[in-house]
Amino acid sequence: MTKKKIILLLIVIIVGVICFLMNNSTYVARIEGKKVSSYKQEIEYGQDYSFLPNDISLQVTYKDQDITDLLEYEDITISSLGTYEIVYSYQDYSFTYEITVKDSSGPTIRLDDQYEVLLYSTFDVNSLGIDVIDNYFIDDIELDVDGQVDTSLVGEYSIDIIASDGNDNQTTAKTTIVVLAPVNELVEGTNIVANPSDITVYISKEYALPEGWEPDDLVSIGGNHYLRQEAASAYFEMMAQAQLDGIDITLVSSYRSEAYQTNLYNSYYATDPENAPYYSAYPRSSEHELGLAIDVSDKYSLYNTLDETIVGIWMQNYAYQYGWIMSYPEDKTDITGYIYEPWHYRYVGEELATILYENNLTLGEYYDY
């Protein structure tokens, strides 16, 4: 090859390279004024986003002419954490925008400066009604407490509420738990019964047991359940007949001490003070404290459709024959002052139970209170 041909070949190569470089340098991408060949970004889940070129500060020029508005791309919807790619293109040119969606924010806790609970109630942070919102997780939010709340002592307790989401992001907020003494429902005018040991004694919202009284003839009827001697005998007789009739009755509750009834009432009052008196008797006003009442079911829970089950039907039809009456019937709630309780039966003896059953009377109506 002659020297002239070599020089000519080199010129051709150089011109080709220059043209190639010029061709590839005619497209220029900038984000916020800086040249880029691609771009990566992280955003928090839930953060506002848009892939319009102008919204991400993307500008592309071709031979110094702005072609940003001519870029084509397929929009995407961010529905979960992860990495997404958006490709902006124009003819044979493309630009890749990579966005990583993460969750590094703890939940938002909205709570009051203080919450009130009753003495001897069970403290549960989830029952306080604290509003917790997370940017990613809807249901998988855990609440925990840093600090002690002693509901056996009246006072104020400062605690930290800790909210954790499914990615172990946490947020802490402070509040105060105020433990209050129970409201005294035995207002002036409440009658104290003089004969609490009488099998047929009537107690209600207006008639209460003497302070500190408890039956002295309690006997076990199985498990942790107790009744007074006469009621226990009648209970065993009734259960034996039910078994013969193929009825399997579950005993849910029997005798309760005043302290137990206090805790029970306070737990209702702590969550629903307006309706608590209709769900539960105030201490010294519960038939369970007499050792003459039982709650029964066809399983280990109480529900107001028990009267539709074979257990509820059998009890309504035959319990009176063994001295037991339903204390709080559905059509007498305005008289008893309590919700319908098809599970609650009170022992009054066979003679009085028969009178009440045959005349559709409650014990209060019988005594005309």
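I started at arginine 346, which lies in strand S21, residues 344–347. The model I am reading is a predicted one. Next I followed its side chain. The side chain of arginine 346 reaches the backbone oxygen of isoleucine 199, at 2.8 Å.

Salt bridges came next. I noted that the structure holds seven of them, and I looked up several pairs.

Entry on arginine 110 and aspartate 131. These two form a salt bridge, with the closest N and O atoms 3.8 Å apart. I placed aspartate 131 in strand S10 and arginine 110 in strand S8, residues 108–110. The two residues are 21 residues apart, and I noted that the pair links distant parts of the chain. Aspartate 131 has 35% relative accessibility, so I listed this residue as partly exposed.

Entry on arginine 228 and aspartate 217. Their side chains meet in a salt bridge at 3.0 Å, N to O. I found arginine 228 in strand S17 (residues 225–228), while aspartate 217 sits in the loop between strand S15 (207–208) and strand S16 (218–222); the pair therefore ties together parts that are 11 residues apart in sequence. Is arginine 228 buried or exposed? At 9% relative accessibility, arginine 228 counts as buried. For aspartate 217 I noted a relative accessible area of 24%, which means partly exposed. The cut-off I needed here is that buried means under 20% relative accessible area.

Entry on glutamate 365 and lysine 332. I found a salt bridge between these side chains at 2.8 Å, N to O. Glutamate 365 belongs to helix H8 (residues 363–366) and lysine 332 to the loop between strand S20 (324–326) and helix H6 (333–336), so this pair ties together parts 33 residues apart in sequence. I checked the cover on each partner. Glutamate 365 is partly exposed, at 23% relative accessibility. Lysine 332 is buried, at 8% relative accessibility.

I then turned to patches on the surface. Which residues gather in a patch of negative charge? I wrote down Asp139, Asp140, Glu142, Asp144, Asp146 and Asp168. From this group I looked up aspartate 140, whose place is in the loop between strand S10 (131–133) and strand S11 (142–146). I recorded 43% relative accessibility for aspartate 140, so this residue counts as partly exposed.

I also found a nonpolar patch on the surface, formed by Tyr268, Tyr278, Tyr279 and Ile339. Together these residues have about 350 Å² of accessible area. I followed up tyrosine 278 and found this residue in helix H4, residues 276–279.

My last entry is on valine 87. I located valine 87 in strand S6, residues 82–90. Its relative accessibility is 39%, so I put valine 87 down as partly exposed. How far is the C-alpha atom of valine 87 from that of serine 220? I noted a separation of 79 Å between these C-alpha atoms, with the two residues 133 residues apart along the chain.

How values were computed:
Residues numbered from 1 in each chain as written. Predicted model: local features only at pLDDT ≥ 70, side-chain atom pairs only at ≥ 80, totals over all residues. Heavy atoms only, no water. Patch = residues over 30% accessible without salt bridge, like charges linked within 9 Å, V, L, I, M, F, W, Y side chains within 5 Å. Areas by Shrake-Rupley, 256 points an atom, 1.4 Å probe, with all protein chains shown as cover. Salt bridge = Lys/Arg side-chain N within 4 Å of Asp/Glu carboxyl O. Lys, Arg positive; Asp, Glu negative; His and termini not counted. Charge placed at Lys NZ, Arg CZ, Asp CG, Glu CD. Helix = DSSP H or I, 4+ residues; strand = E, 2+ residues; numbered from the N terminus. Buried < 20%, exposed > 50% of the residue type's maximum accessible area, 1.4 Å probe, protein only. Polar contact = N/O pair within 3.5 Å; in protein donor to acceptor, adjacent residues only side chain to side chain.
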